[in-house]
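This report walks through selected features of the structure shown below. Each section takes one topic.

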Amino acid sequence: MDLSERIRSVVGDDVPGVAVAVVGPDGILETAATGWADLITRRPASVDMVCPWFSMTKIVTATAAMRLAEEGTLDLDAPVAPHVRQVRHLRPASRAAAITARHLLSHSAGIANP
């Protein structure tokens, strides 16, 4: 069974279309897609289609941050303002200066959701 068939066997008809990339230390190992990229035009899903990630970026960002923290490159408890200029524009300035990566990752920095 190829990867596209395996994906369809897992998701069934619960999603209109899905694309998957299997990635290892040496890069992309395999890609596959199944279903529809566009239900109206019946354009098939492909590994080259562009999809909005929405909240999936949180998982990627958190994983990268934790890996950087494990290797000692990122201090989760250090202020981020020296590295993220936009944080310096938040008010009150004293609270903004104290925001850390840990605050951002745990949604406890006090920044409102626009």
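## Salt bridge

Asp 77 and Arg 102 form a salt bridge, with their closest N and O atoms 2.6 Å apart. The term stands for a side-chain nitrogen of Lys or Arg within 4 Å of a carboxyl oxygen of Asp or Glu. By this rule the count comes to one salt bridge. Asp 77 sits in the loop between helix 2 and helix 3 (93-96), and Arg 102 is in helix 4 (residues 101-105), so the pair ties together parts that are 25 residues apart in sequence. Helices (H or I, at least four residues) and strands (E, at least two) are DSSP runs, numbered from the N terminus.

Asp 77 is partly exposed at 46% relative accessibility, and Arg 102 is partly exposed at 41%. Here buried means under 20% relative accessible area, exposed over 50%, and partly exposed in between (1.4 Å probe, protein chains only).

## Basis of the values

The model is predicted: local features need pLDDT of at least 70 and side-chain atom pairs count only at pLDDT 80 or more, while totals for chains, interfaces and linings use all residues. Residues are numbered from 1 along each chain as its sequence is written, and side-chain values use heavy atoms, with hydrogens and water left out.

## Thr 100

Thr 100 is found in the loop between helix 3 and helix 4. With 7% relative accessibility, Thr 100 counts as buried. A polar atom of its side chain lies 3.4 Å from the backbone oxygen of Leu 76. Leaving aside neighbours within four places in sequence, Thr 100 is in contact (heavy atoms within 4.5 Å) with Leu 76, Asp 77, Ala 78, Pro 79 and Val 80.

Three strands make an open sheet in the order 1-2-3, with antiparallel pairing. Strand 1 (17-24) and strand 3 are the edge strands, each pairing on one side only. Two strands pair if DSSP finds at least two bridges between them; strand 1 and strand 2 (residues 27-38) are joined by eight. These two strands form a hairpin with two residues between them. Ala 19 stands opposite Ala 33 in strand 2, and Val 22 has Glu 30 of strand 2 as its bridge partner.

Thr 34 also lies in strand 2. Its relative accessible area is 14%, so Thr 34 is buried. Apart from neighbours within four places in sequence, Thr 34 is in contact with Ser 4, Ile 7, Arg 8, Pro 16, Gly 17, Val 18 and Ala 45.

## Helix 1

At the start of helix 1 (residues 3-11), a side-chain oxygen of Asp 2 comes within 3.3 Å of the backbone nitrogen of Ser 4. Gly 12 follows helix 1 and has a positive phi, near 55°.

## Nonpolar surface patch

Trp 53, Met 56, Ile 59 and Val 60 make a nonpolar surface patch of about 410 Å². Patches are made of residues with over 30% relative accessible area and no salt bridge; like charges are joined within 9 Å and nonpolar side chains (Val, Leu, Ile, Met, Phe, Trp, Tyr) within 5 Å. Accessible areas come from the Shrake-Rupley method with a 1.4 Å probe, and for residues only the protein chains shown count as cover.

Trp 53 is placed in the loop between strand 3 (43-44) and helix 2 (56-70). Its relative accessible area is 48%, so Trp 53 is partly exposed.

Technical notes: A polar contact is a pair of N or O atoms within 3.5 Å; within protein, one must be able to donate a hydrogen and the other to accept it, and residues adjacent in sequence count only if both atoms are side-chain atoms.
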